[in-house]
Amino acid sequence: MGAHRHITFDQSWSIYEAGRTDQIFSAHVPVDIHQVLMDHDQLPDPFYRDNEASVQWVHQRNWVIETNFDVTERDLQNRCATLRLEFIDTHATVAINGQTVGEIANFFRRFHLDVHKALKVGSNRLTITFHDNAELGRKRAEALPFPVPYSETNNQIPFMNTVRKTQCDAGWDWGICLMSMGVYASPVLYFHQGRLIDSIRVTQKHGPDHVRLTITVDTWGPDDSEEVMEICLTDAPPELMTFSPGQHQGTAEVDIDNPRLWWPSGYGEQPLYTLEAYLHDQHWCRHIGLRSLHWDLSPDDAGSRMCVVVNDVEIFAKGANWIPADAFPARQTPARYRQLLESAAAANMNMIRVWGGGFYEHDTFYQTCEELGLLVWQDLMFSCSLYPSTTDFINDIRPEIDWQIRRLQSYGCIALWCGDNEVIGAINWYETSRNNREKYLVNYDRLSRVLEESVLGADTSRLFWPSSPCNGELDFGDAWHDDNKGDMHYWDVWHSGKSFSAYYDIKPRFCSEFGYQSFPSLELVKQFTLPEDHNVTSPVMEVHQKNPAGNSIITEMFTRYFRFPTGFEQFLYLSQVQQAVAMKTAIEYWRTLRPHCMGTLYWQLNDNWPVASWSSLEYGGGWKQMHYHARRFYQPVQIFWIGQGRHQKLTAVNDLTEPARLKGTWSVFDLAGKSLKQQTLELTIPAGASLVLANYESDQPASEFAWATAFASVGTQSFDCEATAYFDLWKRLNLPSAQVQLEIGQDKQTVHVDLTTDKPAHFVTLGTLGNGHWSDNSVTLLPGVARRFYWQGEQPISTNPSLNHLVQSYQS
């Protein structure tokens, strides 16, 4: 009675502009119109130089994609022929044999279209015609009962807040405007008599050495007959689930004794259980982790906590914000997901926030997070604009949220559903809404209630967090700067021009957004520029800087902290030093505040094209200096120098559930490398503790620096810890001209580089050798202490890395 046959439309698509059949291109899913045109030399690379402006015509045309398929007489004897569509971007008319079977306009929904009457025995044709999403937005905005402001500072295309499409496709302050159109998951045509498996949800109830799973199966299609489904889970006997007539949802309970628990990265292993469901010839399969999870929002002396608790262990959330992996959706492949997420895990992250201006990612994203131990803070897709609360909009939103929550609910890695990104705050950004605040608050509340109802209707096992930043349910105060409760977005250093020391004035409970910009590496810049473009204020470089004040902010902050760089390469290098210092200052301090602060998610992990941005991974996955620092400042056991100026504290943090043994030294050197003071370290850091190990006040701050190194062990784990302190601004330090020597070597496995120096060298950074990264980078190098760095990644395309360090940035 289930699906008797299905056709998956993944290959053999024809693509052409509507009304022009003289040029027909072939492609397979994912079908991304811009990518298809590039592949057939019909479109210049929009990432190259200033080509962005020359590709905007694409989204203004109608595009047709078609494929042929055969239908048998037996197929049509089934009572139902259902075309299942998802990841269709975005406004499209769907036809079979010239007969319209549906018009869709929500990238985030799954659609089931009844196409039985349009089919015929023999050859059939499926046609999807894509329309201009910008024009759809304009028409919808005109039909609104009152204006609903959109993010004009980010979107180059107006009124995208009325279109359920990836919001940053219209441009962002780090993103290209590339209004994608296409099909990114294969449509499937089912010939069936009864139910189709739509989604499977899993609720976990943990007890001592036991977990009970409630498995809920949602079906679509005729439900007037009895059908039996088989549920299989690792380490448990199969369960039979019987659907009675009229029943489209079924539940089963599975008990597992002594479950192998899934842990966030750094806290334990990630064993996965295989959950499978069979309904006739339909097969659903997913690999999931078993864990208990809740958020501690309980009152305390400061206000209320915000801490995720997994398997009864308080987790300090360490991670970054995720934006779409590429402006070309066809490039958002499993390999790209794995590359970026493995780099996050390698930097000791345990949480990723899927930001609300992107899209609900493909299943392979969440499956990879499950495998790597990365918790997911999942925003719903609303960001930085106001949104309508009209009946039409809400009727489109309800099935979107219901489907997405049901689709993703069984992944154990998902930690929280968040209603939006900065939408409540956006009421204050626009003159229209500021002057009519009550109206727009009511509008916001109407939509927010629908989001909450829809989320909880599909998943009651997780926290619904109304907005980010937010102080909690029905509390939309100044969460941007509230040290007492909720999650915070702290942007005063970047957007308001405060110095890095301002991070020491903030004591967040959970900081889910904050960041500082840098430029990508010279190696990447060379891929999208010509030599004559190599000036940060050249027209081409400014096309690749989407934040209007970005270059000014970076440059002005240079003048506060550093001597000005001598040329283009050094400008890029120093921007990455500055970014790393900013994030180090914030995160190292906030980590020492535990348990008051229990989470930092910096903005942002990745880029969707080559650009100056807040990312720590540049486009293509290369590690900026900040990402190497992130691996150190997010290490589960680490030491930090905390403070700016002549007085600083050496502090140790242990995020783990067992005590850490720490053994090492801290030293003070003059700028030429002569040892002035040395102290040994040998102590135990209790589980979950932050301890001050030493206080040092420099009486000659412009003439010395401190360096600490230690070895930490926790059970079978071990960590190399190091930290450098400067007691005055770098521009005031008369650093010697260090001569850093570089020697290339080759092991059986990879290339390595040995570095030595005659004088202390600071922020010593090797350039990339291709697609990969170094075992370490952006380090302090001391005389007499050789360091070896290994290349990790694909076979190097060069074995002659560039080398930069701080003095070199301003000495010719």
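The structure is a predicted model, in which local features need pLDDT of at least 70, side-chain atom pairs count only at pLDDT 80 or more, and totals for chains, interfaces and linings use all residues. Residues are numbered from 1 along each chain as its sequence is written, and side-chain values use heavy atoms, with hydrogens and water left out. Helices (H or I, at least four residues) and strands (E, at least two) are DSSP runs, numbered from the N terminus.

Helix packing is a friendly place to start. Two packed helices are described by the angle between their axes and the distance between the axes. Here the axes are lines fitted to C-alpha atoms, for helices over the stretch in contact, and angles run from 0 to 180 degrees between N-to-C directions. Helix H5 (residues 334-346) packs with helix H6 at an angle of about 35 degrees, and their axes are 10 Å apart. The crossing of H5 and H6 is right-handed; a crossing is called right-handed if the near helix is turned clockwise from the far one by less than a right angle, and left-handed if anticlockwise. On the H5 side, Pro334, Tyr337, Arg338, Leu341, Glu342 and Ala345 make contact with Thr364, Phe365, Thr368, Cys369, Glu371 and Leu372 of H6, where contact means heavy atoms within 4.5 Å. These contact residues comprise 7 nonpolar, 2 polar and 3 charged. In this grouping Ala, Val, Leu, Ile, Met, Phe, Trp, Tyr, Cys and Pro count as nonpolar, Asp, Glu, Lys and Arg as charged, and the others, Gly among them, as polar.

H6 itself (residues 363-372) is mostly covered, with 7 of its 10 residues buried. Buried means under 20% relative accessible area, exposed over 50%, and partly exposed in between (1.4 Å probe, protein chains only). Just after H6, Gly373 takes a positive phi of about 80 degrees.

With helix H15 (residues 625-633), H14 packs at an angle of about 20 degrees, with the axes 8 Å apart. H14 and H15 are therefore roughly parallel to each other, and their crossing is right-handed. Gln625, Met626, His629 and Phe633 of H15 meet a set of H14 residues that includes Tyr573, Val577, Met583, Ile587 and Arg591. The contact of H14 with H15 contains 7 nonpolar, 4 polar and 3 charged residues.

Two loop residues are joined to aspartates. Asn106, in the loop between strand E9 (99-105) and strand E10 (111-114), counts as buried because its relative accessibility is 1%. The side chains of Asn106 and Asp396 are joined by a polar contact of 3.2 Å. A polar contact is a pair of N or O atoms within 3.5 Å; within protein, one must be able to donate a hydrogen and the other to accept it, and residues adjacent in sequence count only if both atoms are side-chain atoms. Not counting residues up to four places away in sequence, Asn106 also touches Ile88, Thr90, Phe111, Arg164 and Glu400.

Arg79 sits in the loop between helix H3 (73-77) and strand E6 (80-85) and, at 43% relative accessibility, counts as partly exposed. A polar contact of 3.1 Å links the side chains of Arg79 and Asp224. Beyond four places in sequence, the contacts of Arg79 include His116, His192, Gln193 and Pro222.

The backbone holds some further features. Most residues other than glycine have a negative phi, and most peptide bonds are trans. A cis peptide bond, with omega about -10 degrees, joins Asp89 and Thr90. Another cis bond runs from Trp603 to Gln604, with omega near 5 degrees. Asp209, although not a glycine, has a positive phi of about 55 degrees, and at 56% relative accessibility Asp209 counts as exposed.

Conventions
Parallel < 35°, antiparallel > 145°, perpendicular 65-115°, else oblique.
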